[in-house]
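Here are some notes to read beside the model. Please take the points in order.

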Amino acid sequence: MKSIISSFILLFIFIYSFGQTNFKVIKVNGDIVLKAKGVSLETGTVFSEKEDLLFRTEGATAAVINSQKGRLILTSKNHNLSSASSNYLPSMYNISTRGSGTLASLKDLQAHFSGNYVILGTEKIEINSNNFPISDESFFFLKYIYKGESINKKLDHIGDTLIIDKKTLFTIDGKQVPCPDNTNIALFYKKGADYILINNFDLIFPDAQ
């Protein structure tokens, strides 16, 4: 009986310790490698806080979660996870779930672009082009405020896939600019002479926070 109890306690300690010292990857932007194993981080990868990480691409980031420290944005500047404190990241859950499936209706678009919308790197969103055709006359654009001025940015696309990229979004007259006055952004769809407001939401790039 004592042997069974001892085994149970040891198992509990092992499981508890695993949750305390290991991190699970939610999403990765760029190439980050576990040095000892030579394996790149990807969604679902579990690794120890003692792992030595190599950031192979400039500006590489990863969203990770730990039972004790919570949710963290991992960058080349804070990759010492043993001393890292939790970085608040709104709507972390949406990082892994948004963008899955085709957005077919106005209701789908409104639900997708809502609340705090977090992007690591570049976001790609597939839409139904039968309901929302994209051409020179019909397209999606984002509106934000920079230095008190309203800026409209037409979204790039590849076929039926919309692309939101920080560098492109925050380039005005060919020059890269800092982040807008606030995170609140409006998404519109232009069809001929008509403009449809899809939704207002907060667009957040963690590396800019």
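1. Start with β2 and β5. Strand β2 covers residues 32-34 and runs antiparallel to β5, with three bridges joining the two. Within this pair, Ile 32 sits opposite Phe 55 of β5. Bear in mind that the model is predicted.

2. Now place that pair in its sheet. The sheet is open and has three strands, in the order β3-β2-β5, with antiparallel pairing. β3 (39-40) and β5 (53-55) are at the edges; each has a single partner strand, so one side of each lacks a neighbour in the sheet.

3. Turn to the sheet of four strands. This sheet is open too, its order is β4-β1-β6-β7, and its pairing is antiparallel. Which strands stand at the edges? They are β4 (46-48) and β7 (70-74). Each has a single partner strand, so one side is left without a neighbour in the sheet. From one strand to the next, the twist averages 35 degrees.

4. Look at one pairing in that sheet. Strand β6, residues 61-66, pairs with β7 over five bridges, in the antiparallel sense. Ala 63 is opposite Ile 73 in β7.

5. Last, check Ile 151. This residue belongs to strand β11, residues 149-154. Is Ile 151 buried or exposed? Its relative accessible area is 10%, under the 20% cut-off, so Ile 151 counts as buried.

6. What does Ile 151 touch, leaving out residues up to four places away in sequence? The contacts are Leu 142, Lys 143, Tyr 144, Tyr 146 and Ile 172. Pro 180 is 29 residues from Ile 151 along the chain, and 9.3 Å separates their C-alpha atoms.

Terms used
Residues are numbered from 1 along each chain as its sequence is written. This is a predicted model: local features need pLDDT of at least 70, side-chain atom pairs count only at pLDDT 80 or more; totals for chains, interfaces and linings use all residues. Side-chain values use heavy atoms; hydrogens and water are left out. Two strands pair if DSSP finds at least two bridges between them. Axes are lines fitted to C-alpha atoms, for helices over the stretch in contact, and angles run from 0 to 180 degrees between N-to-C directions. Buried means under 20% relative accessible area, exposed over 50%, partly exposed in between (1.4 Å probe, protein chains only). Contact means heavy atoms within 4.5 Å.
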